[in-house]
Amino acid sequence: MREAVIGQVLFFAASILFGGGLLAVYDIIRGFRRTWIHKSVWVTAEDVIFWLFVAVASFVFLCRYNQGQLRGFFFLGLILGMALYHWKGSRYILGAAVKVFRVIKRMTGRCGSLIRTPVVHAGRNMKWKLKKERQSIRMVFKKGGKRGDSHEKKQKEVK
């Protein structure tokens, strides 16, 4: 009897930690969102993925620690763990997540600029060459001749 009570108390304590852990994962997602602002479609997709993760993680947690039985104190432990985490640890984890994601954003920005610079220059060169080609095509059409005719006429005159 005593072991059963101790087991349930440990399960309640584990559910408190589990609730805090779930909210910590959500704070990491919030840090990602603060660093990379994106549209509500992506925010919704992130939320759906998070809640699918929560559902699977809760199922595994319940199967492993309580033979898959839902108990009221499991939900009480989740809520209590989330509340304690929100009051005591949320700002630290969120702040750390934002700092880490900003560093990652800066690093990817620098690497991206190293890759992007030659591509932009190549694009500008291609655009300039295409613009020049387009102008020569326009001149040919304005004269009514075929492309290359003026060059061939000059060569005949030289001979």
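Modeller: The protein chain has five helices and zero strands. Helices (H or I, at least four residues) and strands (E, at least two) are DSSP runs, numbered from the N terminus. This is a predicted model: local features need pLDDT of at least 70, side-chain atom pairs count only at pLDDT 80 or more, and totals for chains, interfaces and linings use all residues. Residues are numbered from 1 along each chain as its sequence is written, and side-chain values use heavy atoms, leaving out hydrogens and water.

Of the 159 residues in the protein chain, 21% are buried. Buried means under 20% relative accessible area, exposed over 50%, partly exposed in between (1.4 Å probe, protein chains only).

Now the core. A nonpolar core is a set of buried Ala, Val, Leu, Ile, Met, Phe, Trp, Tyr and Cys residues joined through side-chain atoms within 4.5 Å. The largest one has 11 residues: Phe-11, Phe-18, Leu-22, Ile-29, Phe-50, Val-54, Ala-57, Phe-61, Leu-62, Phe-74 and Leu-78. The most come from α2, which gives five.

Take Leu-62, one of the core residues. Setting aside neighbours within four places in sequence, Leu-62 is in contact (heavy atoms within 4.5 Å) with Phe-11, Gln-67, Gly-68, Gln-69, Leu-70 and Phe-74.

Compare Phe-59. Phe-59 lies in helix α2, residues 40-66. Phe-59 counts as exposed because its relative accessibility is 56%.
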